[in-house]
Amino acid sequence: MNEISSAVEGGVLTLSMHRPEKKNALNLQMYRQLTAALQQAQHDGEIRVVVLQGSAECFTSGNDLKDFLAAGELNAEHPVVQFLYAVSAFPKPVVAAVAGLAIGIGTTVLLHCDLVYATADCRFQMPFTLLGLCPEAASSLLLPQIAGYQRAAQYLLLAEPFSAAQAAHFGLVNEIVANETLLAHAATKAQQLAALPAEAVQRSKALLKAPQQHLVQQTINKELADFGLLLQGDACRQRLQAFFKK
């Protein structure tokens, strides 16, 4: 079964994660497919907007850790790294539809989306320190800007989970939507974007991102370097062993 499905309608590319038996945990092949789809969409003039979604019950539980650890060094060829570069620099609007779990990359990827719609039952969490690791996807830069430093420290240092209501309150989520209408609502918003003059929308996004786009890339690189070092440390190994035993 294809764990990343894609569909194009009215200038909107919808990318759906479908690995329900693992709560849509992202393995390396899924990262490769997402990156390839974004790279193709970037150069396809017919595609104006991308929707990133799971199901109406679950967005993603984050990395498939066993698969992630088997991929070796976090260099420019690593599928996760390639995805981070692709999504953080993607020039067209990205709309996210988020339900259920949004763990790890499931939360940090939203920092690079332009519109985020979530269900009331969402549970967001960035459990990096719980695993002896540090933030990724430029979350150490972007989350304090959105949520404020103290709240970002609560979620990145203590790794505390937070709700859709909290996410909407501090600005990570645009709107809370019922589960049964989530995917349709995100699709409608994407179609509204796609109906606008494409160059105007893309230049507007570029202007919004321009003041710190270079800093975002620098932060991703620094986080990856620290993440890689921590990944080799005893604390991380012990935490991961305990995680796998559970």
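The second largest pocket of this predicted model holds about 500 Å³ of space. A pocket here is an open set of points, on a 1 Å grid over the protein atoms alone, where a 1.4 Å probe fits, with protein on both sides within 12 Å along at least five of seven lines. Its volume is the space filled by probe spheres set on the points, which are joined across faces, edges and corners. Lining residues have an atom within 4 Å of a point, and for the second largest pocket there are 25 of them, with Leu-111, His-112, Cys-113, Asp-114 and Lys-209 nearest the centre. At least two residues each come from strand S6 (115-118), helix H5 (139-147), helix H9 (198-209) and helix H10 (213-231), and H9 gives the most, with five. Helices (H or I, at least four residues) and strands (E, at least two) are DSSP runs, numbered from the N terminus. By class, the lining splits into 14 nonpolar, eight polar and three charged residues. Nonpolar covers Ala, Val, Leu, Ile, Met, Phe, Trp, Tyr, Cys and Pro, charged covers Asp, Glu, Lys and Arg, and the others, Gly among them, are polar.

Now for the largest pocket, with about 780 Å³ of space. Its lining takes in 26 residues, and Ser-61, Asn-63, Leu-65, Leu-131 and Phe-243 lie nearest the centre.

On to the aromatics. Across the whole structure, seven aromatic pairs turn up; rings of Phe, Tyr and Trp (its six-membered ring) pair if their centres lie within 6.5 Å, and planes under 30 degrees apart count as stacked, over 60 as edge-to-face and the rest as tilted. Phe-124 and Phe-162 make a stacked pair, because their ring centres are 5.3 Å apart and their planes at 10°. That pair ties together distant parts of the chain, 38 residues apart: Phe-124 sits in strand S7 and Phe-162 in strand S8 (residues 162-163). Phe-162 also pairs with Phe-170, and this pair is tilted, because the centres are 5.6 Å apart and the planes at 55°. Phe-124, at 0% relative accessibility, is buried (under 20% relative accessible area with a 1.4 Å probe, protein chains only; exposed is over 50%, partly exposed in between). Phe-162 is buried too, at 3%, as is Phe-170. Together with Tyr-155, Phe-124, Phe-162 and Phe-170 form one aromatic cluster.

Elsewhere, the charged end of Lys-66 sits over the ring of Phe-244, 5.4 Å from its centre; the cut-offs for this are NZ of Lys or CZ of Arg within 6 Å of the ring centre and within 35 degrees of the ring normal.

Ser-88 belongs to helix H3 (residues 79-88) and is buried, at 5% relative accessibility. Its side chain makes a 2.9 Å polar contact with that of Gln-217, and a polar atom of the Ser-88 side chain lies 3.2 Å from the backbone oxygen of Tyr-85. A polar contact is a pair of N or O atoms within 3.5 Å; within protein, one must be able to donate a hydrogen and the other to accept it, and residues adjacent in sequence count only if both atoms are side-chain atoms.

Residues are numbered from 1 along each chain as its sequence is written, and side-chain values use heavy atoms, without hydrogens or water. Local features need pLDDT of at least 70 and side-chain atom pairs count only at pLDDT 80 or more, while totals for chains, interfaces and linings use all residues.
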